[in-house]
Amino acid sequence: MSFGTLSLSMMVRLEATSYNGLPPSRSPKSLPHLSLTKPSWVVRTESNVQKKRRKKPDPPCVICEGSGRVACHQCSGKGRTNQVHLEMLPKGEWPKWCRVCGGSGLSYCSRCLGTGEYRYIMGTCSNLTVLVNTGVISFTMQINEGHNRLGFADSILQWSQWQLLDSLLPTGGFAHSFGLESAVQSHLVSDSNDLKTFVIHVLENTGSLLLPFVFSASMVPNLETWHKLDKILDATLTNEVGRKASMSQGSALMRVASAVFSESPSLKTMRDASLGLGTVYFHHAPVFGLVCGALGFDSTSSQRAYMFITMRDVISAATRLNLIGPLGAALLQHQIAPIAEVILEKWKNHAVEEACQTMPLLDTVQGCHGYLFSRLFSS
């Protein structure tokens, strides 16, 4: 024990006498050298980074005008889901951020898929040649694919396009006979031959009066164009029964389209904005053109689709009025299809100023529908 204490005290004393309480000096050669190499990396800050300006597409998308973004359909562009009608939340209330857009208030445009570029004709293009020889109409249809390699999004839009023409879509079209019920009770239509003539006249009147509105709405499917066409058509329709039927079908179509076709959020946005105004009539032809434009139809396909659903609804009404059976109705529709294509070629791509009534007798007969004692259809 004493040996350990003595050794420790002698070591401390010797260290103190040798270095005078200072650490031992070292030669300059023994000092470590601190060498800094030149860094091989450079920090890129906001000042020395050249931003690439996004070039606006030419031609731009007709929905988003080239930006590739539209207002979110879930939050109406607010970014939050609570108190959407207010610009600012009340004091003490926290925002509930929209889960669809993440609070940005924007979503990708469903027409251009966020690219901002104008989307050209989708789907298939049909070239129809009609040859009339000795009263027999023969036609040859050549179907050419518009695009050989359609993307997945384009394929999904094609399913939506077909669904728009499906009879299962609850738009209320089968509640109207386009004046056929009144024509039957007035003995203007009594057999299948009269029915065929009636359907052709309805298609002719549809082409001359309503196709211009479908064409204009499908070319520029935005809110301003739709409201303008809606007011013009409301002033053009003098038949009160036909006017109410157009409003009923158009309102139902807009309601269903905004709820079903979620890939086109602009439909719901435009419907909500129009309902708040209270001055929109929701006529069927402009609404149909608007929906076709939002779903990627080209103008010719939109007008052909409108002629198809008109022919389908009239023949369906004839079936329920026992004028023709189901098999006979299918055969009649197939026989009238080439004639409908000729009518389409005659009246397609006309301006709204050229809309006219070519079958005034049909307009008069449809107006008498409200005076029928017993009736099955609304118009």
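How many cavities of 30 Å³ or more does the count come to? One. This is a predicted model, where local features need pLDDT of at least 70, side-chain atom pairs count only at pLDDT 80 or more, and totals for chains, interfaces and linings use all residues. Residues are numbered from 1 along each chain as its sequence is written, and side-chain values use heavy atoms, with hydrogens and water left out.

Now the terms. On a 1 Å grid over the protein atoms alone, a cavity is a set of points where a 1.4 Å probe fits but cannot get out. A pocket is an open set with protein on both sides within 12 Å along at least five of seven lines. Lining residues have an atom within 4 Å of a point. Volume is the space filled by probe spheres set on the points, which are joined across faces, edges and corners.

The largest cavity holds about 110 Å³. Twelve residues line it, and Leu-164, Thr-171, His-284, Ile-309 and Arg-312 lie nearest its centre. Helix α10 gives the largest share of that lining, three residues. Helices here are DSSP runs of H or I, at least four residues, numbered from the N terminus.

Next, the second largest pocket. Its space is about 530 Å³. Its lining has 28 residues; closest to the centre are Phe-178, Asn-205, Leu-209, Leu-210 and Gln-366. The largest share, five residues, comes from α7.

Last, Trp-159, in helix α2, residues 152-164. Trp-159 counts as exposed because its relative accessibility is 60%, and exposed means over 50% with a 1.4 Å probe, protein chains only.

How values were computed. Helices (H or I, at least four residues) and strands (E, at least two) are DSSP runs, numbered from the N terminus. Buried means under 20% relative accessible area, exposed over 50%, partly exposed in between (1.4 Å probe, protein chains only).
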